[in-house]
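Please look through the sequence and the 3D structure shown below, and keep both in view while you read.

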Amino acid sequence: MEEQQAMDPKGWRVELNDGHFIPVLGFGTSAPDEVPKSKTVEVTKLAIEAGFHHFDSAFIYNNEKEVGQAIRSKIEDGTVKREDIFYTSKLWLTFLRPELVQPALENSLRKLQLDYVDLYIIHYPVALKPGEEILPKDEHGKLIYDTVHLCATWEAMEKCKDAGLTKSIGVSNFNRRQLEKILNKPGLKYKPVCNQVECHPYLSQSKLLDFCKSKNIVLVAYGALGTQRIKGRVDQNSPVLLDDPVLCAMAKKYERTPALIALRYQLQCGVVVLVKSYNEKRIKENIQVFEFQLSSEDMKVLEGLNRNFRYVLFKNVADHPEYPFSDEY
Ligand SMILES: NC(=O)c1ccc[n+]([C@@H]2O[C@H](COP(=O)([O-])OP(=O)(O)OC[C@H]3O[C@@H](n4cnc5c(N)ncnc54)[C@H](OP(=O)(O)O)[C@@H]3O)[C@@H](O)[C@H]2O)c1
């Protein structure tokens, strides 16, 4: 973490392998469909006021218009400057063909009404058939795949960076093999700066994290509180992370909440952590992650909670050869 930022812990950020910086705590903006879009504007503004600098969104969240509106209004009223905000967008699966990559980013920028994003990442390493449908399906209800080489998509991502539409480029939900595909690409111009993956005490990702660290790729954690447990996406019988007795006992010991312990754990592992909350009290609470430290003994205890348990499985693409979660890591 940067020395000069130590005065203002809320501004803690780490350097990416392309020289840009990413704030270590990010605000997750995705919410279930039934949440009104006006709420996204409201909570994004609250998050900026609370001290969040890093915002995570995606084409598929269908909220870039609202997140952009909130960011621009907080710039206009003088709360923040554009350069203090780190905004991530993601390339959806139907846009993985190289010729569709830049138009997809330009579409996000139009909705955001921003000139650039800070980070653009490939959302998932599986290509779906391009077209109007976000999830194109055949008559049997099966997703229709497209054949695109990830390296070709990556070259188009590099061009977006060169065009100044994004400061940095990265990936999400890639396993080691898929990261290596990019890293070993002949003529690679830019390495991915990050890999955004599910990560929490039940899924510590220690092997993938070690690999990423060895390549100077930042691991960004989503689902750090055990995900939003959205029906149809997450098994409703899966264990509730924030009810874990060890996490709860530790929360008592530190006089914090289980959520704060789970977030702090990621920071001390050297992971950039995202957290979603659409609740004012919890948004303010989550920024307290900078106010305390876990002892190395307690970090070990939390490491011991790992059970390689993944909440988000994307089962509908499990038969695809690039399905990332069938490899060991
Ligand atoms: N790349 C990908 O494929 C991918 C996949 C999933 C998510 N993401 C990104 O990661 C972000 C975060 O992940 P996530 O959405 O799965 O959720 P999460 O951060 O694990 O949060 C899960 C739930 O915890 C609750 N919560 C927040 N703060 C809390 C606190 N202090 N105490 C108790 N509960 C608290 C929130 O509910 P309330 O709103 O009611 O507070 C939220 O619904 C997403 O918003 C998205 O930006 C990326």
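## Cysteines, a helix, loops and a ligand

Cys-269 counts as buried, because its relative accessibility is 15%, where buried means under 20% relative accessible area, exposed means over 50%, and partly exposed lies in between (1.4 Å probe, protein chains only). This is a predicted model, in which local features need pLDDT of at least 70 and side-chain atom pairs count only at pLDDT 80 or more, while totals for chains, interfaces and linings use all residues. Residues are numbered from 1 along each chain as its sequence is written, and side-chain values use heavy atoms, with hydrogens and water left out.

A disulfide is a covalent bond between the sulfur atoms of two cysteines. Counting as a disulfide any pair of cysteine sulfur atoms within 2.5 Å, the structure holds zero of them. For Cys-199, the closest cysteine sulfur is that of Cys-269, and because the two are 7.0 Å apart, they are too far for a bond. Cys-199 is also buried, with a relative accessibility of 1%.

Helices (H or I, at least four residues) and strands (E, at least two) are DSSP runs, numbered from the N terminus. In helix H6, which covers residues 206-214, the buried residues are Leu-208, Leu-209, Phe-211 and Cys-212. They lie on the same side of H6, because they cover an arc of only 165° around the axis, the arc being that of the directions from the helix axis to the C-beta atoms. An α-helix has 3.6 residues a turn, so residues three or four places apart point the same way. The face of H6 turned away from its buried side carries Asp-210 and Ser-214, which are exposed.

Ser-238 belongs to the loop between strand S9 (218-222) and helix H7 (245-254), Asn-216 to the loop between H6 and S9, and Glu-255 to the loop between H7 and helix H8 (258-269).

| Residue | Relative accessible area | Class |
|---|---|---|
| Ser-238 | 7% | buried |
| Asn-216 | 44% | partly exposed |
| Glu-255 | 72% | exposed |

Although Asn-216 is not a glycine, its phi is positive, at about 60°, and Glu-255, also a residue other than glycine, has a positive phi near 55°. The side chain of Ser-238 reaches the backbone oxygen of Asp-235 at 2.6 Å; a polar contact is a pair of N or O atoms within 3.5 Å, and within protein one must be able to donate a hydrogen and the other to accept it, while residues adjacent in sequence count only if both atoms are side-chain atoms.

Which residues come nearest to the ligand? Of the 29 residues around it, these are Asp-56, Gln-228, Lys-276, Ser-277 and Arg-282, where a residue is near a molecule or strand if one of its heavy atoms lies within 4 Å of it. A polar side-chain atom of Asp-56 lies 2.5 Å from an oxygen atom of the ligand, a polar backbone atom of Gly-223 is 3.2 Å from a ligand oxygen, and for a backbone N or O atom of Tyr-278 the distance to an oxygen atom of the ligand is 2.8 Å. Taken alone, the ligand exposes 920 Å², and the protein buries 86% of that; accessible areas come from the Shrake-Rupley method with a 1.4 Å probe, and for residues only the protein chains shown count as cover. Strand S10 (272-276) and helix H9 (280-286) are the elements that give two or more residues to the shell around the ligand.
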